[in-house]
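Student: I would like to learn how to read a few features of a protein model. Where do we begin?

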Amino acid sequence: MLIIPIYDSILLPDVTFYFRKEVVDSWKVDELVTGQEIVFALLKDDIDADDVIFEDIYPIGVSARVESIDSEGSLKIRTLERVNIKKLTIDQNGDLDGETQVRPEIDDLPVDEKNKRFDELKSSFLRFVKNYQWGIWARSFILQWKNVNEMACSLAGYFSITWEEKYEILRTDSVAERMEAIEHACYEFMELADVASDAEEEQQKRNENLYREDAIKKQIEILQRELDEMHPENISDIRMFEKKIDEAGMNEAAEKEARKVLNRMKQEGQDGHEYGMLYDYLDFVTTLSWKKAEYQEIDLHKVEEVLDSDHYGLKKVKERIVQQMAVMALNKKQSGSILLFVGAPGTGKTSLGQSIATALGREYVRISLGGVRDEAEIRGHRRTYIGAMPGRIMEGMKRSGASNPVMVLDEVDKLVRDYGGDPSSALLEVLDPEQNSTFTDHYMNVPYDLSDVLFVCTANTTDSIPEPLLNRMEVIEFPGYTATDKFYIAKKHLIPRAMKTAGITKKKMTISDAAIRKIISDYTMEAGVRGLKKQIDTMMRYAAVQLVKGNTDKCSVIPARLKEYLGHRALIHDVIDKKTIPGVVTGLAWTMAGGEILFIETKLVHGSGKVIITGQLGDVMKESVEIAISLVKDMYPKETEVFKDMDLHIHVPEGAVPKDGPSAGITIVTALTSLVTGKRVDTHIAMTGEVSLRGYVMPIGGLPEKLMAAVRAGVKTVFIPEKNVDDLEDVADEVKDALKIVPVKNVTDVLEQCKLI
């Protein structure tokens with residue numbers, strides 16, 4: 001008998017089916033005729049009819065008869081009875097053929113009960129479809145059902161049961177069990193449909209409420225916007241921040257966070273206890289400049305002009321800055337090293353940063369880091385803390401109002417590390433061009449791009465700057481100003497500025513060049529010009545009093561009248577002593593305020609062989625003393641025998657001032673040699689350098705400042721370590737011209753030049 005495989009259906013006896021022509025064509029049978037009997041076999045999987053073998057079908061099928069075939073090829077088929085499929089073959093036409101055997105049923109359900117239960121099911125469906133718009137169409141469909149088998153077959157595609165459970169309905173021999181299975185599937189279908197309908201109705205109501213709420217909100221927003229346009233001074237906080245967020249140009253993460261905070265602000269209302277904190281956060285992030293600034297062409301001639309007009313001298317520093325600008329001009333973006341200006345106070349480090357901003361046409365912002373000990377000062381506080389604030393970096397960005405300012409980080413050498421964290425570590429991310437494009441302030445909690453910021457750092461010394469931080473910066477030394485430099489700075493910059501501040505015109509006051517030079521030599525001692533500025537300001541205030549009182553029509557400042565304007569000499573520099581004494585040698589020292597000469601005094605006194613050190617020497621200088629004593633004992637074993645019976649006293653004058661640093665070794669050795677040999681060292685000779693136990697003179701720092709101090713003190717000859725010769729390039733020509741500079745390699749070279757051996 002012809003076998004036709006079908007998939008995912010319920011086939012039961014005594015049911016009429018209608019098949020469209022395209023469905024019949026998919027069976028791929030040779031030809032069907034009216035009255036022909038066929039068998040429908042149920043497939044286990046959805047496979048092509050040409051590939052079906054016996055293992056692909058269930059062993060129980062349904063026999064059927066072709067009732068009619070219309071002109072278009074559609075079929076009307078009536079199922080007959082269940083059959084067992086024993087064998088499956090392919091005939092000569094390529095159709096599936098098989099041996100079948102009728103499968104008897106167990107008729108254990110009385111006809112009356114069967115009809116009654118069918119009528120109840122039918123009535124339940126009729127009541128069920130009344131609740132749906134498609135119920136009218138479904139009602140006529142339901143009324144055509146003649147038995148429960150037709151009902152099950154019609155609804156097979158809607159039942160929420162598996163394919164195996166559908167086959168189980170066909171396989172069941174008991175009519176009562178089959179009836180029960182069909183009833184269960186039908187009632188389950190209706191119950192699930194009702195639940196889905198209720199859920200859909202509830203969702204629809206909820207959506208309608210949401211749509212209504214959104215519509216009302218939009219109307220309120222439109223009305224609020226019109227009111228804001230009519231009265232911009234009364235714009236609401238929410239509307240103001242919405243507008244700011246829209247116009248800020250934030251990155252995706254920042255905008256998402258800002259809108260999240262704005263929604264919280266809406267929910268809080270103005271009376272909410274967190275409203276103020278949320279307001280401050282939105283006010284901060286929307287004030288920042290998020291949009292990347294357009295690149296501006298860099299005019300190197302303008303850069304040089306601005307630097308020269310604002311600062312006198314500093315030739316090498318200016319050259320390095322121009323080189324940085326040239327690199328940026330070629331790359332057309334922020335690039336190059338982070339500049340670290342190192343030098344004494346008042347040498348123009350901070351003001352040079354402002355000049356760079358002026359030359360580039362950028363905003364300028366200065367951040368002082370002196371004394372900062374908490375990492376949160378750099379990265380900001382998390383908003384979970386009461387009184388949370390952004391870090392100084394982002395606060396500076398807000399003040400600048402730009403995304404590419406010139407930011408001067410002042411006094412990075414005065415950062416303090418303690419239990420509150422290490423602020424220098426936080427600066428690593430800020431200054432690292434590989435990381436700062438996504439710098440995240442804890443207060444903001446979103447990344448911000450700092451890669452366009454030109455960072456300039458300043459410090460008085462690099463000794464206290466941690467190595468990882470120092471490695472990220474390029475050190476540019478500010479050697480300090482010579483007396484000539486200070487003279488021109490005072491004449492071109494400080495005096496005109498001070499007169500303008502005091503309201504004194506040129507007609508009302510004159511200052512002689514000699515007076516300016518005397519102020520520099522007798523009233524200041526620094527490497528910079530900060531003290532000089534203070535003295536000039538003091539002079540202007542005195543002159544202002546005289547002019548206002550009418551004591552004079554014009555103030556004239558000459559050297560003889562400086563005491564009247566500035567009082568007694570504020571400072572008395574150490575100068576060389578014309579009297580030479582064995583055991584006393586002049587050294588050179590570097591201080592935070594510049595260079596200074598330093599006398600090393602030695603003396604043997606009655607005692608028990610002790611070494612007495614006075615003058616508040618630090619650990620480094622104490623070690624230098626011990627090395628010097630060992631060297632002198634080695635060179636003069638006989639002469640130093642007296643050290644066993646007498647005390648050796650080494651003193652550095654101005655005992656109230658702490659002194660330390662690796663540069664006094666050679667001076668101590670020379671002083672001790674002079675002491676034990678009884679030979680005097682010319683007072684016009686000064687020296688600087690550390691020594692090793694092998695007698696080598698080691699290199700030192702701060703050479704320009706030390707040589708300027710030597711000139712000021714009247715020194716004629718200076719011994720410097722041979723390895724510091726290259727540093728003479730940083731020394732002003734007028735200083736080198738005033739001194740005889742002698743490079744030395746070891747202690748013997750110095751002692752020979754001083755005529756001690």
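Tutor: We begin with a definition. A salt bridge is a side-chain nitrogen of Lys or Arg within 4 Å of a carboxyl oxygen of Asp or Glu. Keep in mind that this model is predicted.

Student: What is the general idea behind such pairs?

Tutor: Side chains of opposite charge can pair when their charged atoms come close. Here, Glu-474 and Arg-320 form a salt bridge, with 2.5 Å between the closest N and O atoms. The pair links distant parts of the chain: Glu-474 sits in strand β13 (residues 473-478) and Arg-320 in helix α11 (residues 315-331), 154 residues apart.

Student: Is Arg-320 buried or exposed?

Tutor: Arg-320 is buried, at 15% relative accessible area, because the cut-off for buried is under 20%. Glu-474 is partly exposed, at 27%.

Student: How many salt bridges does the structure hold?

Tutor: It holds 34 salt bridges. One of them joins Arg-103 to Asp-173, with the closest N and O atoms 2.8 Å apart. Arg-103 lies in the loop between β6 (96-102) and α2, and Asp-173 in the loop between α5 (163-171) and α6 (175-230), so this pair ties together parts 70 residues apart in sequence. Asp-173 is partly exposed, with a relative accessible area of 24%.

Student: Which residues are linked with Arg-103 and Asp-173 in a network of salt bridges?

Tutor: Arg-82, Glu-105 and Arg-178 are linked with Arg-103 and Asp-173 in that network.

Student: What does the salt bridge of Glu-242 and Lys-266 look like?

Tutor: Their side chains meet at 3.0 Å, N to O. Glu-242 is in helix α7 (residues 237-248) and Lys-266 in helix α8 (residues 252-268), so the pair ties together parts 24 residues apart in sequence. Glu-242 counts as buried, at 15% relative accessibility. Lys-266 counts as partly exposed, at 42%.

Student: Now pockets. How is empty space found?

Tutor: Rolling a probe the size of a water molecule over the atoms shows where empty space is left. In this model, the second largest pocket holds about 720 Å³ of space. Its lining has 25 residues, and Thr-16, Phe-17, Tyr-18, Cys-153 and Ser-154 lie nearest the centre.

Student: Which element supplies the largest share of that lining?

Tutor: β2 does, with four residues. By class, the lining has 14 nonpolar, five polar and six charged residues.

Student: And the surface? Which residues make a nonpolar patch?

Tutor: Trp-134, Trp-137 and Phe-141 make one of about 360 Å². Trp-134 lies in the loop between α2 (111-129) and α3 (135-143). Trp-134 is partly exposed, at 42% relative accessible area.

How values were computed: Residues numbered from 1 in each chain as written. Predicted model: local features only at pLDDT ≥ 70, side-chain atom pairs only at ≥ 80, totals over all residues. Heavy atoms only, no water. Patch = residues over 30% accessible without salt bridge, like charges linked within 9 Å, V, L, I, M, F, W, Y side chains within 5 Å. Areas by Shrake-Rupley, 256 points an atom, 1.4 Å probe, with all protein chains shown as cover. Helix = DSSP H or I, 4+ residues; strand = E, 2+ residues; numbered from the N terminus. Buried < 20%, exposed > 50% of the residue type's maximum accessible area, 1.4 Å probe, protein only. 1 Å grid on protein atoms, 1.4 Å probe; cavity = no way out; pocket = protein on both sides within 12 Å on 5 of 7 lines; lining within 4 Å. Points joined across faces, edges and corners; volume = space filled by probe spheres on them. Nonpolar A, V, L, I, M, F, W, Y, C, P; charged D, E, K, R; others polar.
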